[in-house]
Amino acid sequence: MSQRYVIHLPVVATDLPAAQRLARVIGRWMLVLPMTDPGETIVSEEDHQLVRHRAFCDLRMAGGRRCLLRDGHDGACSRRLRR
């Protein structure tokens with residue numbers, strides 16, 4: 001059994017796209033802490049927490065780092081935001 005623990009941080013948003021955007025913003029801010037893995041960030045409805053939606057692309061890039069783009073993005077994965 002691993003000695004890894006997950007912190008669940010409730011944040012309120014009005015709809016799923018807004019929640020996913022907010023989760024990505026918070027995840028990117030957390031990159032300053034080496035123990036964070038924002039690529040694993042998920043969003044769920046308060047009353048249906050077992051139905052989870054990814055905030056980030058779940059693919060790992062060269063070197064094991066995760067893509068920082070939204071889940072389901074078009075094109076190649078990237079560590080930089082696209083405009």
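I started with A19, which is in contact with A13 and V43 once its neighbours within four places in sequence are set aside; contact here means heavy atoms within 4.5 Å. Before going on, I noted that this is a predicted model, where local features need pLDDT of at least 70, side-chain atom pairs count only at pLDDT 80 or more, and totals for chains, interfaces and linings use all residues. Residues are numbered from 1 along each chain as its sequence is written, and side-chain values use heavy atoms, with hydrogens and water left out.

Next I asked which residues make up the largest nonpolar core. I found 6 of them: A19, A23, V43, A55, F56 and L68. Such a core is a set of buried Ala, Val, Leu, Ile, Met, Phe, Trp, Tyr and Cys residues joined through side-chain atoms within 4.5 Å. Buried means under 20% relative accessible area, exposed over 50%, and partly exposed in between, using a 1.4 Å probe and protein chains only.

Then I turned to the fold. I counted 1 helix and 2 strands, in the order α-β-β along the sequence. These are DSSP runs numbered from the N terminus, with helices being H or I of at least four residues and strands E of at least two. β1 and β2 pair in the antiparallel sense over 4 bridges, where pairing takes at least two DSSP bridges between the strands. The two strands form a hairpin with 2 residues between them, and I saw S44 standing opposite R52 in β2.

Leaving out residues up to four places away in sequence, Q20 touches V43, H53, R54 and A55.

My search for salt bridges (a side-chain nitrogen of Lys or Arg within 4 Å of a carboxyl oxygen of Asp or Glu) turned up 1. R66 pairs with E40, and their closest N and O atoms are 2.5 Å apart. The partners sit 26 residues apart, with R66 in the segment after β2 (48-54) and E40 in the loop between α1 (16-29) and β1 (42-45). R66 counts as buried at 8% relative accessibility, while E40 is partly exposed at 35%.

Last, I looked at the whole chain. Of its 83 residues, 23% count as buried. The C-alpha atoms fill a box of roughly 35 × 35 × 20 Å along the principal axes.
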